[in-house]
Amino acid sequence: MLKDFLQRILALFGKKPIEGKNISRSREYEQSYENTDKVNFAAVFANALSNKTVNESTVDIVGADDKPNKRSEFINTAIHEVWTQANKITSQAIGKGGKVIVPYISNGKAYFDIIDQSRLFISGIKGNRIYNATILADVQKQNERLYFRWADYTLKDGVHTIRNRATGESGNSIPLESIEAWTGIDEEIFIAGVDRLLFGFYKNVTDNRKDRDHYGVPVTYGSESIIKQIHDHLKLIEREYKLTRPMLGLDAAMWNNPMYGKTVQDKDTPFIPLENNSKDNESLWLLYAPAIRDTAMYNRLVQLYEMLEKSVGTSKGILTEPITKNATATEILQSQYDTFCVVSSLRERWKDVIEDLAYAYDVLAEHYNITPLGSRNSYKIVWDWDMRLTENSSETFNQLSEMQSKGIVSKAELRQWKRGGTLDENQEIIDKITESEPSLSQIVGIE
């Protein structure tokens, strides 16, 4: 049914049928990630890796000559808005397989939509570049019925075409203006001099174990059997705790009630009646309190956690305790190398996505004449990644200080590493500090 529906939609844009299995799998990944009925290990890994990837990291758009201009400021504002959602985008891309960021302009301002990869229908790709795709851009409910807005992106001979169409639930075409929220949206947009589609696709870095990987897979892809073992073992641990609760066996005579017969005083208290006389007829009660096998149970759980971490490709410390006992700072950093490799790959994906988004906002700003015309490519991207996962801050500061004393790095570079900001901003602050400091002659009283 999904495949037939997609074919009707693609027919609106004159496109050939596409493989629907990837879309179905993407939807399954999303549903699995969104499931909150039990411990969601895809979400656990996604949150941990996302925090390490983007927290305390920044991206800025500056002028091509390191000085701001109208175009770079416009793009910088737009990119900063995207970056405020970086943690959410990253975690969901890791857990679901991928997220699509669609930039657009409305009333002279930059906006963006974040959608799941299941709403991206790729129909043309060369190398790693998508040149033909259809996106389910929006869903609106009107008069108790659902309506869909589809945006078709095509790149051919340097001309980027965006075609917007609206349909009902059965795939029948309707006018865009019939839906209030879509009034004023252009049905077709043509932009020349473009070399890529104007959206960003953040695809998870987990290997899908196939030659083609048009769509991403979740971080726990291929680890399903281990996750099942963990869930089964967690149930076993819960059962173990229930079965090893102390129980008190009472002589049957003590349960007799002249009016109501045998009763249980408290259902939450594990008292059990003994139909026969108590053991050896010596006592009216018998205590059952077996020793719980918590050590064996949790040893097995830790083994399964370690197996899952290896399967996913991270170091210890996501599900298990990190290696810290009697370890030096360097040894701790080395023990996190596998996790750093994953984080490094996720950051490279962000570089590609931000590059595509900055390019898209640049093209759209030129097309809608928002900033001075002729300003294309008058910007560059500056990243400042948090490196605490791979370096000891004290050691690095000492190394940079020694390099600065030998003239290998400047004071501005040293301050930038410690305080952030651009090189020019740090140099300006250093110049002000130098001007305000008294000279040696002033200190000793010599004019």
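Here is a short tour, from overall figures to local detail.

This is a predicted model, in which local features need pLDDT of at least 70 and side-chain atom pairs count only at pLDDT 80 or more, while totals for chains, interfaces and linings use all residues. Residues are numbered from 1 along each chain as its sequence is written, and side-chain values use heavy atoms, with hydrogens and water left out.

The protein holds 13 helices and 14 strands, taken as DSSP runs numbered from the N terminus (helices H or I, at least four residues; strands E, at least two). Of its 447 residues, 40% count as buried (under 20% relative accessible area, 1.4 Å probe, protein chains only).

Now look at the open sheet of 3 strands, with antiparallel pairing in the order 3-2-10; two strands pair if DSSP finds at least two bridges between them. Its edges are strand 3 (109-116) and strand 10 (200-203), each pairing on one side only. Neighbouring strands here are turned by 20 degrees against each other on average, direction ignored (axes are lines fitted to C-alpha atoms, for helices over the stretch in contact, and angles run from 0 to 180 degrees between N-to-C directions). Strand 2 (residues 98-106) pairs with strand 10 over 4 antiparallel bridges, and valine 100 stands opposite phenylalanine 201 in strand 10.

Two helices lie across these strands. Helix 4 (residues 70-83) lies across strand 2 and strand 3, at about 30 degrees to strand 3. Helix 5 (residues 86-96) lies across strand 2, strand 3 and strand 10, at about 140 degrees to strand 2.

Key
Contact = heavy atoms within 4.5 Å. Buried < 20%, exposed > 50% of the residue type's maximum accessible area, 1.4 Å probe, protein only.
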